[in-house]
Amino acid sequence: MESTSERNRIQLSHVTANLLVASGLSTWIIPRKGKVFVKGKGEMQTFWLNTKTAKASKPSKPGNEMTTVSESHTDFSDSSSISIVVDNYDLDGVEDMTKRERIVEYNVELLTSLLQQIIASRDAGVASNNTSLSEIEATIGTGGTVLEEFVPIIPLKRFDARDLSKRHEARSIDIGKEAKTQLRSFLTSVASMYRDNPFHNFEHASHVTASVKKLLSRIVNVDDGNGLKMSNNSVDPVDMVGHSYGITSDPLTQFSVLFSAIIHDMDHPGVPNAQLVKENTRSAQIFKKSIAEQNSVELAWGMLMAREYDALRACIYNTEEDLRRFRQLVVNTVMATDIVDQELQDLRKARWESAFADTLVQDETSDDCKATIVIEHLIQASDVSHTMQHWHIYKSWNEKFFLERYGAYKAGRGDSDPSKTWYRGEIGFFDFYVIPLAKKLESCGVFGVSSHEYLSYATSNREEWAREGEKLVQQYVAKYEGMNKC
């Protein structure tokens, strides 16, 4: 990286920057304006070492309030006055933003880049309103519950090598000021619909979104050994389509999964679905099961269909086929985040075993089946990605989840004291859900080293929790009691 540095300055990779942050030294790094081209890696966000701060300050103990800068572990809790780069996006003027505004802006940039790719994949390469879709928009998703729309296989749009080679350059696409303003307004409204829960909040949704982005990007990461063929230093388009079962060749699919991650816990009440059924809430009466998940889709979709987001919708889809595929992807993806419903879990397990059986005939239907299941497992892994990341990240989010559940119990919204079962429950969660899920990511063969990384962290965190978990639960309880003294 010496060739891209400057005289009398020390340039850092995001890996080194993360190590400093993990050591409590977030003030030692300054995000470099713009990205640099690194041989063998492409464009990367790098950082300068803040030598004045490094000389003057002493290392502080790593804690929960930190800003992590790599694509792997995005955390938004630090309100430092420096210009912070979140997941490779340079947010100028971030010192004037609230934390929520900063997270919204990160998601705006993330979704804007995919909207550019969606428009670039169209023949004309422009966003266009299709007024004939208004009647379909008014009726889609009506007449039944969200869960009733779930389908086992989503037919994805197919692109051949010729389609991909003729695509417009996405970076040259301007989605338009109106569309971007509407996107920002929509995401701000989504953020406001998240309740102030310790765990199920907008920050969690964005953490999940960052994990989804990472896994999607790793699907076609040649350097990570995904087995993709190279031609003139680029991925062979045909091989790319086949390798990812069509997921990475369709930007609308990627947008839909990221969109789902952002909205998947909107209006989450901070208690499990079973508690909502017991309380016989209005949403429980309507949806019966997967209550919080169905409610999130209903709310987000209703907001998106408002007239004030016409320009935004024109960027997302401009045909009935794309509209219906977008809706179906959102439904399936959000429903996949209900990991408690045993019937849904058994269905996913059976479909996985069938889709990845050696005897399965390889055709478009089988690819669609695999793609649908990979997407579901991708969002599931992302929803619990804190369990498959560095120990301090896992511990931070685990504490937040405990505080949420323990607080609900103290408020009379739970039958049993979670402090009595939390330690053993986490071990069971690792053994029977997290680690098997990480192994599935590895066995499906599309995520490269990320799947091995997730499995390695999950195993390590499970071992660390077995050693430290009982003591940590006591600390969690003490923290709650300290926060809620009269």
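This report covers the aromatic ring pairs and the charges over rings in a predicted model.

Local features need pLDDT of at least 70, side-chain atom pairs count only at pLDDT 80 or more, and totals for chains, interfaces and linings use all residues. Residues are numbered from 1 along each chain as its sequence is written, and side-chain values use heavy atoms, without hydrogens and water.

**Ring pairs**

Rings of Phe, Tyr and Trp (its six-membered ring) pair if their centres lie within 6.5 Å; planes under 30 degrees apart are stacked, over 60 edge-to-face, the rest tilted. The count is 21 aromatic pairs. Phe401 and Trp422 are edge-to-face, because their planes stand at 70 degrees, with centres 5.6 Å apart. Phe401 belongs to helix H17 (residues 391–410) and Trp422 to helix H18 (residues 418–443), so this pair ties together parts 21 residues apart in sequence. Helices are DSSP runs (H or I, at least four residues), numbered from the N terminus.

Tyr406 and Tyr409 make a tilted pair, 6.3 Å centre to centre, with 35 degrees between the planes. They are 3 residues apart in helix H17, so about one helical turn separates them.

**Accessibility**

Buried means under 20% relative accessible area, exposed over 50%, partly exposed in between (1.4 Å probe, protein chains only).

| Residue | Relative accessibility | Class |
|---|---|---|
| Phe401 | 22% | partly exposed |
| Trp422 | 9% | buried |
| Tyr406 | 4% | buried |
| Tyr409 | 27% | partly exposed |

**Charges over rings**

A charge sits over a ring if NZ of Lys or CZ of Arg is within 6 Å of the ring centre and within 35 degrees of the ring normal. Lys400 has its charged end over the ring of Trp397, 4.0 Å from the centre. Arg327 sits over the ring of Trp301 with its charged end 4.8 Å from the centre.

Technical notes:
Helix = DSSP H or I, 4+ residues; strand = E, 2+ residues; numbered from the N terminus.
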